[in-house]
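Please look through the sequence and the model shown here before reading on.

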Amino acid sequence: MNQQLVDNVILMALAEDAPWGDVTSEAFVPDDAVATAVLNAREPGVASGLDVFARTFMLVDAQAEVTLQASDGDTFTAGQQLASVSGNARAVLRAERIALNLSQRMSGIATQTAAYVAQVAGTHARVVDTRKTTPGLRALERHAVRSGGGHNHRFSLSDAVMAKDNHLAVLAASGIDLGKAIRRARERIGHTTHLEVEVDRLDQVETVVSAGVDTIMLDNFSLEDLRAGVALVAGRAIVEASGGVNLDTIAAIAATGVDVISVGALTHSVRSLDLGLDIAVRATAR
């Protein structure tokens, strides 16, 4: 992850959580008190965001000492210790909720991604995320997908040309031929720019592939039509399946021979994992 992006997210979250300081800790906790905290898993899962967890405490107290007992991508069991923190008690208490919020969400995404990846084992299909991410947290959530063994789709609208249903609706309403529009787009973009087009009918496949796309997305196709689509493409482009993907359907989708399966649920329907920070405080100066 880009450290500046990570720091920006953490600092914004800290400012939101304590815009004028942590008045509770300032009222109750001696300024020379020292805290030691342990990050414990309260349920099993896959770790992600542990470096983000550590960085949060460091940004509040540069002298804080954080030790990680696991790495992103590691599986863990309930009750396992994942990290420990020692530092100024006020700083630890101020950073606690932000550090937990981010690491819990990232670990939840990694855990869910790992479950999807396990379902496609034995096929060559890649499980990828989408742009259905939490605004401002995309870099962290994309990292979490990778922690769970998944892959990333385009990061933003600036990364690839990807014509979806609404783009094609505009073309159709304007009377513009789809094949010609794709060839014109290919001429306009740089030779390193990836070109993907979404279709929702089998009769669109040949037009799109023969026009020279890099990836064709088969959106909400039945399993039978996915198999037919893969056969029609015949290796001339990457085949991506999208729509109707969940833990009950992904194995059958992967078995159709598609190359990529995009899953919005990796980031938009995830439950944060239950991680806890147990703190002990002593009123002794460092």
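This is a predicted model: local features need pLDDT of at least 70, side-chain atom pairs count only at pLDDT 80 or more; totals for chains, interfaces and linings use all residues.

Residues are numbered from 1 along each chain as its sequence is written, and side-chain values use heavy atoms, with hydrogens and water left out.

Four strands form an open sheet in the order 3-5-1-12, and their pairing is antiparallel; here helices (H or I, at least four residues) and strands (E, at least two) are DSSP runs numbered from the N terminus, and two strands pair if DSSP finds at least two bridges between them. Strand 3 (65–68) and strand 12 (275–282) are the edge strands, each pairing on one side only. From one strand to the next, the twist averages 15°. Strand 1 (residues 34–41) and strand 12 run antiparallel and are joined by eight bridges, and the bridge partner of A35 in strand 12 is V281.

Helices lie across these strands. Helix 3 (residues 50–60) lies across strand 1, strand 3, strand 5 (81–88) and strand 12, and runs at about 170° to strand 3, where axes are lines fitted to C-alpha atoms, for helices over the stretch in contact, and angles run from 0 to 180 degrees between N-to-C directions. Helix 4 (residues 89–119) lies across strand 1, strand 5 and strand 12, running at about 170° to strand 12.

How do the helices meet one another? Two packed helices are described by the angle between their axes and the distance between the axes. The axes of helix 4 and helix 5 (residues 138–147) come within 7 Å and cross at roughly 40°. Helix 4 and helix 5 are therefore oblique to each other (angles under 35 degrees count as roughly parallel, over 145 as roughly antiparallel, 65 to 115 as roughly perpendicular and the rest as oblique). Their contact (heavy atoms within 4.5 Å) includes L102, R105 and M106 of helix 4 and L140, E141 and H143 of helix 5.

Helix 1 (residues 3–17) also meets helix 3, with axes that come within 10 Å and cross at roughly 65°. This contact is made by Q3, V6, D7, I10, L11 and L14 of helix 1 together with V52, R55, T56, L59 and V60 of helix 3.
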